[in-house]
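I opened the model to look up a few residues and the ligand site. My notes follow in the order I took them.

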Amino acid sequence: MRFCTAPTTAATAATAETTETITLPNITTENDDDEDDEEDYGHDHDGKKKNNNKYKYTYHRHEKLTSTLQSESNLKKLLPTSPCRFLLSKGKDGRKTQLSKDTVTVVQHNNDSESSSDDRIMIKYPKSGSTYKIRKEYLLPIIQEDNQIIVSPETDIYRKLCWIHTIQDYDYFIEIGCDFGFTSGNVICKNKLGIDKSKTSIDVAQSNYPTDQFLEIDVLEITVQEMEDILIQYQLLQQQDNNEDEDENDDDENENDHGSRLVVAIDINGNRELNAVIQCLDRVLKCWKPNLVIVKSRSLYSKLIDMGY
Ligand SMILES: C[S@@+](CC[C@H](N)C(=O)[O-])C[C@H]1O[C@@H](n2cnc3c(N)ncnc32)[C@H](O)[C@@H]1O
């Protein structure tokens, strides 16, 4: 995993005129112990002083988590219990496109040379215990860690990343740039919201998915307060600190014991206008502090390559 050593300047991102001057917002740095980081935010929603480093994020190009699992070091990060989904069924163009219904785990190889030379990987179905070999490029690991940003240049993989990273009953999902609702409409979770600045898109999305919540708004035009209020208004406030405020003697099993997650997906500008994507990302990280962000953007993806990710 690569860390950017440049200081974080979200404001630079928001006002950058060219892609060369852009700095990614809220990035993890090697100086994260610095308590005087001016760009960090001082307080949580409830007014408590917070740990600033908690809100630093790590960026990934999606295939570093998926098709380049050929690297043994990446594979080892997954073993042995990390959940994964995988792609199956060839589409018309011969590519595997359909997402597995089951969540599986990777089976650890005893023999390292065997695993690294093989382009296939052994997966295990947790319920039946049966095993099966698939090509590594078809594996989609489900990221467990908080404060991660996954960037994909393609809509197809972006959608699948959204669909595998939410778990019914516990997670919240927001998509900025939901268009006709196809991505958000197929997410299964506790509560979700599709946002788009186009009235036509929101009208179509609402008729496609009548029980889902949609909001017609331009996220780059609203105030920070309005942005923060969206979480309250649409009941999307995640439990960030599991059990922290609970009565120690309360041993009731409830959803807080599992720690709900907020997953935010951003797909606002086709393949252009990196600045708008960066501005949107900056606002999302500041105002919503999501656990995971999934971005579809070719320009941000290229930027990550330029930065050595
Ligand atoms: C490529 S489409 C999204 C496709 C959709 N995510 C899907 O999977 O089908 C991009 C959408 O972003 C919306 N959009 C662009 N800028 C926006 C902004 N600042 N705020 C909200 N929506 C925005 C556009 O109206 C458009 O519908």
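The model is predicted. I began with Leu304 and listed its contacts, skipping neighbours within four places in sequence: Tyr59, Arg61, Val151 and Tyr309. I then checked the separation of Leu304 from one of these, Tyr59. The two residues are 245 apart in sequence, yet their C-alpha atoms are 8.1 Å apart in space.

I looked up the secondary structure next. Leu304 sits in helix α10, which covers residues 298–306.

Is Leu304 buried or exposed? I found 22 C-beta neighbours inside 10 Å of Leu304, so I noted the residue as buried; the cut-off for that is 20 or more.

I moved on to the ligand. I noted 20 residues around the ligand, with Gly177, Asp179, Thr183, Lys197 and Asp267 as the closest. I sorted the shell by residue class and got 7 nonpolar, 7 polar and 6 charged.

Which elements each supply at least two residues of the shell? I wrote down α5 (155–164), α6 (182–185) and β10 (191–196).

My last entry is on Thr200, which I placed in helix α7, residues 199–208. Asp179 is already in my notes as one of the closest residues to the ligand.

For Thr200 I counted 11 C-beta neighbours inside 10 Å. Thr200 therefore goes down as exposed, since the cut-off is 12 or fewer.

Terms used: Residues numbered from 1 in each chain as written. Predicted model: local features only at pLDDT ≥ 70, side-chain atom pairs only at ≥ 80, totals over all residues. Near = placed C-beta within 6 Å. Helix = DSSP H or I, 4+ residues; strand = E, 2+ residues; numbered from the N terminus. Nonpolar A, V, L, I, M, F, W, Y, C, P; charged D, E, K, R; others polar. Contact = placed C-beta atoms within 7 Å.
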